[in-house]
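Hi,

Here is the model I said I'd pass on.

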Amino acid sequence: MVTPAAFWDKVAAKYDRKTVKGPNYAARIDRAAKWIGPDAVVLDVGCAGGQITLDLAEHVRKITGIDLSPKLIGFAEDRRREQGVANASFKVAMPDDPSLEAGSFDAITAYSVLHLVDDQLAVLKRFHELLKPGGVLIAEIPRKEDIGLHFRTLIKLMTALGKAPIVHLYPHATHESMFSEASFAIQESRIYNPKSLNTSYLAMRD
Ligand SMILES: C[S@@+](CC[C@H](N)C(=O)[O-])C[C@H]1O[C@@H](n2cnc3c(N)ncnc32)[C@H](O)[C@@H]1O
């Protein structure tokens, strides 16, 4: 079985050519900016080529994008340089990276990535540790009930063929209980981008 880093490095060039700016993109960025605030220090987890990270950068004090794929982080850094964004940086890392300091972030964004990690609850608990008290978490996650059986079967087939990453889909109720167990209170959950079928969870750390 190919590792997640090897999978994302393999598809990196093709993935990076896709724009992430689907339906309601501006509304998603505006909402994130409103909740995060201009003085915030932000961690963007699973940033890929950094398109969202760089669009968020103009609304916050400082943002760090992390991703497990060195190739995607290379594209993100190229994009940052081309756009001349000074308050963003990128790093090859997973959320458990020891260089990330506990209590050092005002907000964490995790767009379309939590369904790709094996232990979502452990990652949510790590987000809790990385955030300051009252910190904001914005996580976009596909819910099992929003993905039809045919599509779920297709994903499994593609994963077996090495053409899709391993995906863990849970229903809304499971997301609610995991957020709660990691000491996050969900403020809002809605589908912003009907094309991606992700539900955007906006939550606050206790
Ligand atoms: C579906 S893409 C989403 C990219 C971007 N956030 C967006 O919404 O366009 C998922 C990204 O998460 C990264 N990823 C997957 N598992 C990860 C993990 N455990 N830690 C950090 N990055 C991860 C992948 O390399 C990939 O770039």
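This is a predicted model: local features need pLDDT of at least 70, side-chain atom pairs count only at pLDDT 80 or more; totals for chains, interfaces and linings use all residues.

Residues are numbered from 1 along each chain as its sequence is written, and side-chain values use heavy atoms, with hydrogens and water left out.

**The ligand**

There are 17 residues around the ligand, and Y15, V20, G46, D67 and Y111 come nearest (near means that a heavy atom of the residue lies within 4 Å). By class, that shell has 14 nonpolar, two polar and one charged. Here Ala, Val, Leu, Ile, Met, Phe, Trp, Tyr, Cys and Pro count as nonpolar, Asp, Glu, Lys and Arg as charged, and the others, Gly among them, as polar.

- G46: a backbone N or O atom lies 2.7 Å from a ligand nitrogen.
- Y111: a polar backbone atom is 2.8 Å from a ligand nitrogen.
- L68: a polar backbone atom is 3.4 Å from a ligand nitrogen.

Taken alone, the ligand exposes 600 Å², and the protein buries 92% of that (Shrake-Rupley areas, 1.4 Å probe).

**Helices α1 and α4**

Helix α1 (residues 4-17) packs on helix α4 (residues 70-83) at an angle of about 35°, with the axes 7 Å apart. Axes are lines fitted to C-alpha atoms over the stretch in contact, and angles run from 0 to 180 degrees between N-to-C directions. Helices (H or I, at least four residues) and strands (E, at least two) are DSSP runs numbered from the N terminus. On the α1 side the contact (heavy atoms within 4.5 Å) uses W8, D9, A12, A13, Y15 and D16, and α4 brings P70, K71, L72, F75 and R79. That makes seven nonpolar, no polar and four charged residues.

**Helix α5**

Why is α5 (residues 120-130) largely enclosed? Eight of its 11 residues are buried (under 20% relative accessible area; exposed is over 50%, partly exposed in between, with a 1.4 Å probe and protein chains only). L121, V123 and F127 are among them. The buried residues pack against several elements, including β1 (41-45), α7 (172-181) and β7.

**S200**

S200 sits in strand β7 (residues 198-205) and is buried, at 0% relative accessible area. Its side chain makes a polar contact with the side chain of R31 at 2.7 Å.

Cheers

Methods:
A polar contact is a pair of N or O atoms within 3.5 Å; within protein, one must be able to donate a hydrogen and the other to accept it, and residues adjacent in sequence count only if both atoms are side-chain atoms.
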